[in-house]
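Here is a short briefing to read alongside the structure. It looks at one helix and its surroundings, then turns to charged side chains that pair up.

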Amino acid sequence: MTNEKIPYKIYLSENELPKQWYNVRADMKNKPAPLISPATGEPLKQEELEPVFCRELVKQELNDTDAYIDIPEDILNFYKMYRPSPLVRAYCLEEKLGTPAKIYYKFEGNNTSGSHKLNSAIAQAYYAKQQGLKGVTTETGAGQWGTALSMACSYFDLDLRVYMVKVSYEQKPFRREVMRTYGAQVTPSPSETTEIGKKILAEHPGTTGSLGCAISEAVEDAVSHDGYKYVLGSVLSQVLLHQTVIGLETKAALDKYDIHPDMIIGCAGGGSNLGGLVSPFVGEKLRGENDYQIIAVEPASCPSFTRGKFAYDFCDTGHVCPLAKMYTLGSEFIPSANHAGGLRYHGMSSILSQLYHDGLIEARAVEQTSVFQAAQDFARVEGILPAPESSHAIKVAIDEAMKCKETGEEKTIVFGLTGTGYFDMVAYQKFNDGEMDDYIPTDEELEASFAKLPEVGNK
């Protein structure tokens, strides 16, 4: 390594912004299982997906062979307003912990939406505009995706209808109002405005909702109106593709100072930010060029990786979407209402699920009180109030740094700080007032959900 002191923030120049997204599937020996039709059990073709998704995004979703895909100039120009984002050396956190570990975080919160979600939102809005659509529909959990997509649709003058998980709609009114400020129509999900919403409310009176519910409603809305398509903020391969700007920038910044990370840590809900951060590093592992310990961190209240089943399942609660093979808790699993952050999805990206199944990444589940304690510890020394989602990664990064303190190892740790937590103050208030507790689903609850997994694809 160079003797030059590593700066607090490593910035890349505008000219160093990635010009292509990286498609890790091209380097995977075991490709993710294809999306299949719930009616036939056969892999879905492009023409079968186009009634729901934008044409160009379907091509990206099905592309298992091209390692690099050019980023259109209009998207690059938008990226330049907030990218490249900084890679920060957490010197103050290292000192506070008294650890010999070197800790870095990739900060994705330096845009109005407050998170990494804008990286894919602008891409999906661009392709919708190129196709001549009137608008798009979507779901949002904690609200970061809906906020990002409202900004992107405003930029391209597209209509946007957002179905927001009801518990977040009620707990995060300011996030909701940012979406409305950018022109989005926001509906709490499940709602009485769709047939699927009505059905879910009838079967689960008083439910606080889930991403699976909101996805079902958004898809129904899109296919029921001419000139609209559905777009998704996580899980799908196309979304992970767009998010690889995170990992490509991270790797370029590390290479600039000849830094080799020992471990890379990211929070995991549906998998978009984790996949975006780690894909270039996983690619090196797959090609035998380097080795890294890669850790996915999920909430103990929604533990898809650590307690889920690797099986074909519906991507939504209303069973209107294709089946994906993934680590899943069952499409009808709804996290406890006391779950304060995002990361509420019942399944995990097919790409990440295959990588996890093949042992290329590992996973840990953490309880939310420990997550908020880590968030508080980080905020007090690093000066950023982190999103609850990001704080899952902070928790494990701190755990690993403390292990280094015990052993004397000087490991280099990189984690993804996916966004800021300034719209999450209800959750922070509950933590500060001692009113937050931990809920972990029982084996019986999960088995009841697993019993409803579809037979299609799983015989």
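In this predicted model, the cover over the buried residues of α14 includes α11 (237-256), α12 (272-286), α13 (304-307), β12 (309-314) and β13 (323-328). Helix α14 (residues 350-357) has six of its eight residues buried, so the rest of the structure largely encloses it.

**Helix α14 and its ends**
- The buried residues of α14 are S350, I351, L352, S353, Q354 and L355.
- At the start of the helix, S349 brings a side-chain oxygen to within 3.1 Å of the backbone nitrogen of I351.
- After α14 comes G359, with a positive phi near 80 degrees.

- D443 and R307 form a salt bridge, with 2.8 Å between their closest N and O atoms. D443 belongs to helix α18 (residues 443-450) and R307 to helix α13, so this pair ties together parts 136 residues apart in sequence.
- D443 is exposed, at 51% relative accessible area, while R307 is partly exposed, at 24%.
- K452 and E332 also meet through their side chains in a salt bridge (3.4 Å, N to O). K452 sits in the segment after α18 and E332 in the loop between β13 and α14, so the pair ties together parts 120 residues apart in sequence.
- E332 is partly exposed, with a relative accessible area of 28%.

**Other salt bridges**
- The whole structure holds 26 salt bridges.
- R89 and E94 pair through their side chains at 2.6 Å, N to O; R89 is buried, at 8% relative accessible area, and E94 is buried with 8% relative accessibility.
- A network of salt bridges links R83, K106, E108 and E249.

How values were computed. Residues numbered from 1 in each chain as written. Predicted model: local features only at pLDDT ≥ 70, side-chain atom pairs only at ≥ 80, totals over all residues. Heavy atoms only, no water. Buried < 20%, exposed > 50% of the residue type's maximum accessible area, 1.4 Å probe, protein only. Helix = DSSP H or I, 4+ residues; strand = E, 2+ residues; numbered from the N terminus. Contact = heavy atoms within 4.5 Å. Polar contact = N/O pair within 3.5 Å; in protein donor to acceptor, adjacent residues only side chain to side chain. Salt bridge = Lys/Arg side-chain N within 4 Å of Asp/Glu carboxyl O.
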